Amino acid sequence: MKRKATAVWQGTIKEGKGHLSTQTGTLNQSQYSFNSRFADGIGTNPEELIAAAHSGCFTMKLSGNLTEAGFDPERLETQCTITLENGTITSSHLEVHATVSGIEKEKFDELVHEAEKNCPVSKLLKADISVSSKLNE
């Protein structure tokens, strides 16, 4: 399986603007800019999208872990906070609130830890990055 997203940027870093689109159309020329990333501008930003991806991926992995272990997760809610400091993403913190009948805290914590280490986005955040380029003249 492969999924795609496209970013288009026009202009300088501070005065320019861009838009993001995803293969499914969930994001369709969604606006982003310097202000939406570093101030209170309208639009999204890469860190917010990483937080959405990490919280969504982790929550699905945890649901799978719970189901596989014989538990029926009634509700899982995960908030992810991505921290950007001095131009570097330094951390991703997941905070999960769950309603799962019949599970002991120790078992729940074990399944949470496994999901945190093994959801695909957690693995990506530790992965090698590759790039190819083409310059239009």
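Colleague: What makes D109 and K105 a salt bridge in this predicted model?

Modeller: The closest N and O atoms of D109 and K105 are 2.7 Å apart. The cut-off is 4 Å between a side-chain nitrogen of Lys or Arg and a carboxyl oxygen of Asp or Glu, so the pair counts as a salt bridge.

Colleague: Where do D109 and K105 lie along helix α3?

Modeller: They are four residues apart in α3 (residues 105-118), which means a separation of about one helical turn.

Colleague: Why is K105 called exposed?

Modeller: K105 has 59% relative accessibility. Exposed means over 50%, so K105 counts as exposed.

Colleague: And what makes D109 partly exposed?

Modeller: The relative accessible area of D109 is 34%. Buried is under 20% and exposed is over 50%, so D109 falls in between.

Colleague: How do you know that K107 and E110 form a salt bridge?

Modeller: Their side chains meet at 3.2 Å, N to O. K107 and E110 are three residues apart in helix α3, about one helical turn. K107, at 29%, is partly exposed, and E110, at 45%, is partly exposed.

Colleague: How many salt bridges are there by this rule?

Modeller: The count is five. One of them joins E77 to R75, with the closest N and O atoms 2.6 Å apart. E77 has a relative accessible area of 41%, so it is partly exposed.

Colleague: What is the bridge partner of R75 in β5?

Modeller: The partner of R75 is T99.

Colleague: What makes β4 and β5 a pair of strands?

Modeller: Twelve bridges join β4 (residues 73-85) to β5 (residues 88-100). Pairing needs at least two bridges, so these strands pair, and they run antiparallel. Their hairpin has two residues between the strands, and N86 there takes a positive phi near 50°.

Colleague: How do you know that β2 and β3 pair?

Modeller: They share four bridges, in the antiparallel sense. At least two are needed, so the two strands pair. The partner of L20 in β3 is S30.

Colleague: Why is the aromatic pair of F34 and F38 called tilted?

Modeller: The structure holds two aromatic pairs. In the pair of F34 and F38 the centres are 4.8 Å apart, with 45° between the planes. The centres lie within 6.5 Å, so the rings pair; stacked is under 30 degrees and edge-to-face over 60, so 45° counts as tilted.

Colleague: Are F34 and F38 buried or partly exposed?

Modeller: F34 has 23% relative accessibility and F38 has 47%. Buried means under 20% and exposed over 50%, so both count as partly exposed.

Methods. Residues numbered from 1 in each chain as written. Predicted model: local features only at pLDDT ≥ 70, side-chain atom pairs only at ≥ 80, totals over all residues. Heavy atoms only, no water. Phe/Tyr/Trp six-rings, centres within 6.5 Å; stacked < 30°, edge-to-face > 60°. Buried < 20%, exposed > 50% of the residue type's maximum accessible area, 1.4 Å probe, protein only.
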